[in-house]
Structures are given as C-alpha cells and as structure tokens.
Amino acid sequence: MTAKGYAAHNTTDPLTPYSFERNEPGPHEVLIDILYCGICHADVHQSRNEYGHTQYPFVPGHEIVGRVRTTGQEVTKYKQGDLVGVGYFILSCGHCPNCASHEEQFCDNGITPTQNGKLPGGHTTKGGYSNCIVVNENYILRISEKLPPAAVAPLLCAGITTYSALKHNQVSAGHNVAVLGLGGLGHMAVKFAKSFGATVSVLSSSPSKTTSALALGAHRLVDTGDAAQLKTATGSFDFIIDTVSARHDYNQYLNLLKKDGTLILLGVPPEVPPIHPAMLAFRRRKITGSFIGGIEETQEMLDYCAKHNITAEVEVIQPSYINTAFERMLDGDVKYRFVIDMSEL
Ligand SMILES: [Zn+2]
Ligand SMILES: [Zn+2]
C-alpha cells in the first residue's frame with residue numbers, strides 16, 4: 001500500500017513530501033493510522049547522517065500515536081479503532097535473555113529501530129513522519145483515551161527514557177535529584193522525579209529558565225554559571241540526570257553529588273573531556289547510563305501517566321513546518337517538544 005510522509009534525501013537538503021510503499025499487515029501485524037509524531041533530536045541527527053549509517057530516503061519518527069485501522073488475522077491484543085503508540089523500536093529477537101526479561105532495548109541480537117532500522121528481509125524501516133505504519137502487535141503500546149494524544153506522543157521516547165532511568169535507580173521520596181538540560185528529556189525527568197516524591201533541582205546556565213523550571217515542578221534552579229551557587233550545591237545531590245548530548249565536562253557535575261551519589265547519563269556526546277578518578281573515588285560516586293525502556297516498562301509508564309495525569313509539554317505543528325522545527329530545536333527554542341499533526345499531511 002502507498003504511504004505518504006516526509007523524508008530526508010541527503011545530508012543537507014530540507015525534508016520534503018515523499019510517497020513510499022508499506023507492506024500489508026502480516027498475520028501478527030497491525031496497520032496504524034498515525035495521528036501525531038514527536039520530533040526527537042535523533043531525527044535531526046539521522047536526517048543529516050551524523051551517526052554515519054543513514055539510508056536515504058530517510059523517514060524519521062519514533063514517538064508515534066495513532067489508531068488501529070486493520071489487524072492481521074492472528075492479532076489478539078488490538079482491534080480496529082484502538083488508540084495505540086509506537087516507540088523507538090518495532091522488533092527484537094524475542095528469545096535472548098534480555099528479550100526474555102522484558103528488556104528488549106538491550107536485545108543481544110540487536111533491536112530494529114522504528115526509523116532507519118534493518119528488518120529481517122533487508123528492508124530499511126521508515127518511521128512516523130508518515131500517515132501510517134505496520135507493526136507487530138507485541139511492539140505496540142496501548143494508550144489511554146484520558147490524555148490528549150499529541151501530548152502523549154513524546155512519552156514514547158523522551159518519556160520512557162527518563163522514567164526507566166529513574167525507576168532503575170530507584171529514585172523516590174527523600175532523594176535530592178538534579179536535572180541537567182531542560183529540553184524534551186529534561187522536562188520529563190523533572191515531572192517524573194517530582195511525581196516519584198523527589199526534591200528536584202534544575203541545573204542550568206540560564207537563570208531566565210527559573211520560572212519555567214518551577215512551573216514543571218522543580219524546587220529551584222541552580223545557576224551553573226554562578227560560582228557561589230555551585231559551591232553551595234557541592235555534595236548535595238543523590239542523583240543527577242544528565243540529558244545533554246553536546247560535549248560537556250562531567251567533573252563539574254560529579255562534584256555536586258553526595259557520597260555514593262550517581263550521575264545518570266542519557267545523552268551520548270560524541271566526545272567528552274577526561275573524567276578525574278578522584279571525583280569518583282573520594283566520595284564513592286558512580287556514573288551510569290540508561291537507554292529507552294522495554295515494551296512492558298513503556299506500557300507501565302504510559303499507564304502511570306494516565307493515572308497521574310502526566311504528559312509532555314508540546315508545540316503542535318503542521319508537517320510543512322518540520323524543517324523550521326528542526327532548526328528551532330537545535331537552537332533550544334521549543335517548550336519542550338515539537339509534535340507533528342499527521343492529519344494535515
Ligand atoms: Zn528519540
Ligand atoms: Zn533479543
């Protein structure tokens with residue numbers, strides 16, 4: 001069947017309207033009409049081949065909310081009309097230890113990302129900047145009708161990435177948590193950490209963001225450009241959630257952790273300055289990382305959000321605005337996630 005979408009055709013030109021073929025759903029697959037798709041930083045980087053293996057034409061999009069149009073004959077979990085989501089990956093091997101323990105994101109045989117992934121037949125996956133997608137029922141999420149679907153879309157990547165990191169590190173009431181980087185990931189980290197009962201600070205060199213940080217539920221903003229404020233914050237946090245994917249110095253932030261505190265990395269900068277072992281040894285501090293979440297945990301997160309009325313802060317745009325949105329996002333000019341209204345394709 002013919003699908004409509006937006007694609008990048010090379011590293012430099014803007015994304016343009018693009019028609020392509022999608023397979024009819026197989027026995028265990030579901031055809032989803034896409035309503036909304038969030039814009040993640042990975043979409044911009046992959047459009048420009050900054051990770052080095054982009055297959056063109058490239059259709060980005062892995063924060064997808066839509067409705068089931070049709071289902072394959074063997075599908076039991078979903079029916080026509082259901083509100084559903086698709087996140088960062090649409091397939092994994094299903095039988096390795098990590099898949100068996102519901103952590104498919106760490107599949108030993110490699111996940112198939114929703115965009116620019118390799119399917120078993122050799123086809124390259126095309127993502128959610130399109131009007132429809134076909135996905136195996138085991139990699140689809142159920143979405144509550146209670147929440148506005150546009151504001152749910154970013155939960156499928158930014159949401160689960162921060163939720164899983166906080167859950168795995170058992171962030172809870174009584175913890176002092178700092179969030180570095182107040183973008184798509186960072187604003188969800190503030191919301192979840194606050195919801196889990198932690199006291200949340202935002203670390204930023206822009207004190208003008210204080211009002212926004214407090215509106216999201218943060219307790220305060222620490223101005224990292226102010227030496228006096230940094231000194232006061234030294235040794236004060238149990239966790240720092242670092243969402244920054246540009247080059248930055250981890251040592252400055254390690255110094256803000258308590259004894260046994262943990263720096264949790266969610267961004268993957270191309271290179272970083274050396275880490276001083278003394279920053280770790282003398283206070284037994286730790287550095288760890290986290291990567292999206294499994295299907296079961298993503299469903300748990302979506303159900304948690306429906307119960308506690310948590311969504312992303314979004315700016316909904318038309319598909320024709322995608323290229324402008326890319327530029328604005330790189331400039332940090334969005335509160336906090338662009339979401340494309342795919343009904344306007
Ligand atoms: Zn993403
Ligand atoms: Zn696996």
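Contact here means heavy atoms within 4.5 Å. The structure is a predicted model.

**Exercise 1. Determine where Asn 169 is found and which residues surround it.**

Solution. 
1. Asn 169 belongs to the loop that runs between α4 (158–168) and β10 (176–180).
2. Neighbours within four places in sequence are set aside; Asn 169 is then in contact with Phe 239, Thr 262, Ile 264 and Thr 288.
3. The side chain of Asn 169 also reaches the backbone oxygen of Ala 165, at 2.8 Å. A polar contact requires a pair of N or O atoms within 3.5 Å.

**Exercise 2. Describe the interface of domain 1 and domain 2.**

Solution. 
1. The protein is divided into domain 1 (2–157 + 293–344) and domain 2 (159–289). To their contact, domain 1 gives 18 residues and domain 2 gives 17 residues.
2. The C-alpha centres of the two domains lie 27 Å apart.
3. The size of an interface is often given as the accessible area lost when the parts come together. For domain 1 and domain 2 this buried area is about 1600 Å², with 56% of it on carbon and sulfur atoms.
4. Across the interface, 13 residue pairs are in polar contact, both residues being at pLDDT 80 or more. On the side of domain 1 that touches domain 2, helix α10 (residues 295–308) gives the most, with 6 residues. By class, that side of domain 1 has 10 nonpolar, 3 polar and 5 charged residues.
5. The count of salt bridges between domain 1 and domain 2 is 1.

**Exercise 3. Identify the protein donors of the zinc ion (ligand 1) and state how they are spaced in sequence.**

Solution. 
1. The protein donors are Cys 40 through SG, His 62 through NE2 and Cys 157 through SG, at 2.0 to 2.2 Å from the zinc ion.
2. The spacing of these donor residues in sequence is C-x21-H-x94-C.
3. Cys 40 lies in the loop between β3 (29–38) and α1 (41–47), and His 62 in the loop between α1 and β4 (64–71), so this pair ties together parts that are 22 residues apart in sequence.

Note on methods
Residues are numbered from 1 along each chain as its sequence is written. Chains are lettered from A and ligands numbered from 1 in the order in which they are written. This is a predicted model: local features need pLDDT of at least 70, side-chain atom pairs count only at pLDDT 80 or more; totals for chains, interfaces and linings use all residues. Side-chain values use heavy atoms; hydrogens and water are left out. Helices (H or I, at least four residues) and strands (E, at least two) are DSSP runs, numbered from the N terminus. A polar contact is a pair of N or O atoms within 3.5 Å; within protein, one must be able to donate a hydrogen and the other to accept it, and residues adjacent in sequence count only if both atoms are side-chain atoms. Domain bounds come from an automatic or database domain assignment. Buried area is the accessible area (1.4 Å probe) that two parts lose on being put together, summed over both. A salt bridge is a side-chain nitrogen of Lys or Arg within 4 Å of a carboxyl oxygen of Asp or Glu. Ala, Val, Leu, Ile, Met, Phe, Trp, Tyr, Cys and Pro count as nonpolar, Asp, Glu, Lys and Arg as charged, and the others, Gly among them, as polar. Donors are N, O and S atoms within 2.8 Å of the metal (3.2 Å for Na, K and Ca); water is not among the atoms, so sites may look incomplete.
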